[in-house]
Each structure stands twice: as structure tokens, then as C-alpha cells.
Amino acid sequence: APIRAHDGQVLGAVVTFTDITAMHELQERQEDLLRAVSHDLRSPLTTVLGQAQLLARRLARGDLTGGRESAEAIATTARRMNTMIQDLVDAARSESGRLALHRQPVDMRAFLSDLKQRLATSMETERIRLQAPEGLPPVLADPDRLERIVVNLLSNALKYSTPGSEVTVSLRRQNGELITSVADRGRGIAPDELPRLFHRYYRTAAGREQREGVGLGLYITRTLVEAHGGHIWVDSTLGVGSVFSFSLPLAQ
Ligand code: ADP
């Protein structure tokens, strides 16, 4: 608005600015969520629908061949969708500071070996080697969220490495924290891609070649680790492999 003298001459102006960064960020986040829901959930849904229709057609003919495979594909895909939805909900909750953790003392060594057994039907667990000294103190963690952290890192390590190569999970104590590391002998990650690795929807050039995945896993993993008061980082060498590590506070 102009500031005028008595004779109408313009002496100056009043300009107001409103910082809409927060609103803009919120809008972007909503768009991200919409994109995730519409695109990333739709493709597994297509699998579920296709398999269900196939199954229905076969059953109508009294043909039971391939029935078990279709039912299994539906169950696996539905489980994957469930994890994705849970991840999206957790990400949204933690961004708005409403992620409630149910923390309890967890013996990581026992937790990991139990998890490895439970994952045997859905993952190539025979490639996973646990390396943990006995007598480590328990950490303070929400077991469900801890499982998602470890599963995300393990599935990436298995997915982005040579088929059949070993993935090592190791534990060590350091300054009042427990460090868990997941090491693969994969293709590694280029240094210029490392800073963005834990960002939402970021996928490396090599990662984008893989059909499966949307680039949300490491973002959620970081969010969950930080909600526990820990840190997550990666050391990687191209052609050698990557080591993803996270710290968790010890239960006092
Ligand atoms: P997604 O696996 O769905 O693409 P993530 O957030 O889990 O998403 O990972 C982001 C990207 O980081 C992946 O696309 C991949 O390019 C890269 N990445 C993650 N883990 C590894 C790994 N162990 N080795 C090499 N690249 C990896």
C-alpha cells in the first residue's frame, strides 16, 4: 500500500510478506502421500486382483491347479501392502510428532535370531549370518518398530546384492549404546548418492532399475531409529558393498 503525503505524492510503501513455507511443505507432504497411495499401492493391488480373478475362474471350472500358488501370491502381496500402509502411517505420525513407541528392554541377540527364524518363509534367510558376542546389555526399543527397522535393512541388503552372497548382521557396544550393522557384498552406493539415501522417495540410479520398491524404506527406517533416540548411517564402497548401522540406547 502506498504512503502518500497531503498533496497525494507517494512517499513510500508498506509491503507485507507472509511466510507460507510450512503450509507449502504440508501441501507437498499431502501430495507425496497421495502419490504413494495412488501409485505404489495400486500396483500390488493389481496383482491381488489378477490372482483372485484367476483363482475364481479356475474354481468355477472345478480346476484346482495353481490354486495354492495364487492364494500364496495374494497373501504375500497383501502383507507387503500392509507394511507399506503401516510405514506411511508411521511416517505421517512421526512427522507430526505423534508416533507412540511401546518401549521395553530387548535382548538384541535373541531378538535377531528369533526374527531370522520367523522370516525364513518370506526371505532368503540362509544368506544371513548373525555375529553377536554373548552378554550384551539389552536395548530400550519398541519390538514391532525394531522389527521393521531390521527387516527393511535386511531386505535391502539381500535385494541390492549378488544372489546368494552373504549378509552379515553384527552387534557391538559403544559408549552406552548398542550398534547393529547390516553388511552386504553388493554393488555399493556412489559417494554422491549417499547424502540423499535416507530422504523420502530417494532411489539411486541402480535402485531404480529394480522394479520393486518406492524409496520409502530407508526414510521410514531413519524415522523409526531417530524416534528411539538413535542414529543411522551408511558406509559404502562401489563394487565392494554397503554397511548400514544404527545405534539404540541401552536399557538402564
Ligand atoms: P527402495 O528399496 O524401496 O527403493 P529404500 O528407501 O529402502 O527404497 O532405499 C533407497 C535406495 O537406496 C534404493 O533404491 C537403493 O538404490 C539404495 N539402497 C538401499 N539399500 C542398499 C544396499 N544395501 N545396497 C545398495 N543400494 C542400496
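Author: We shall discuss the ligand site, then a pocket, then a cavity. Please keep in mind that this is a predicted model.

Reader: What lies 2.8 Å from a nitrogen atom of the ligand?

Author: A polar contact is a pair of N or O atoms within 3.5 Å. In this model, a polar side-chain atom of Asp184 lies 2.8 Å from a nitrogen atom of the ligand. Asn156 places a polar side-chain atom 2.8 Å from an oxygen atom of the ligand. At Gly217 the backbone takes part: one of its polar atoms is 3.3 Å from an oxygen atom of the ligand.

Reader: How much of the ligand does the protein bury?

Author: Taken alone, the ligand exposes 530 Å², and the protein buries 96% of that.

Reader: What is the volume of the second largest pocket, and which residues are the closest to its centre?

Author: A pocket is an open set of points, whereas a probe in a cavity cannot get out. The second largest pocket has a volume of about 240 Å³. It is lined by 16 residues, of which Arg29, Leu33, Ala92, Glu95 and Arg200 are the closest to its centre. Helix 1 (21-40), helix 3 (67-95) and helix 7 are the elements that give two or more residues to this lining. The largest share, five residues, comes from helix 1. By class, the lining of this pocket has nine nonpolar, two polar and five charged residues.

Reader: How many cavities of 30 Å³ or more does the structure hold?

Author: The structure holds one cavity of 30 Å³ or more, and the largest cavity has a volume of about 30 Å³. Its lining consists of Leu112, Leu115, Lys116, Ile128, Leu130, Leu154 and Val169. Helix 4 (108-118) and strand 4 (128-131) are the elements that give two or more residues to this lining, and helix 4 gives the most, with three.

Reader: How do the residues of that lining divide by class?

Author: The lining of the largest cavity has six nonpolar residues, no polar ones and one charged.

Methods. Residues numbered from 1 in each chain as written. Predicted model: local features only at pLDDT ≥ 70, side-chain atom pairs only at ≥ 80, totals over all residues. Heavy atoms only, no water. Polar contact = N/O pair within 3.5 Å; in protein donor to acceptor, adjacent residues only side chain to side chain. Areas by Shrake-Rupley, 256 points an atom, 1.4 Å probe, with all protein chains shown as cover. 1 Å grid on protein atoms, 1.4 Å probe; cavity = no way out; pocket = protein on both sides within 12 Å on 5 of 7 lines; lining within 4 Å. Points joined across faces, edges and corners; volume = space filled by probe spheres on them. Helix = DSSP H or I, 4+ residues; strand = E, 2+ residues; numbered from the N terminus. Nonpolar A, V, L, I, M, F, W, Y, C, P; charged D, E, K, R; others polar.
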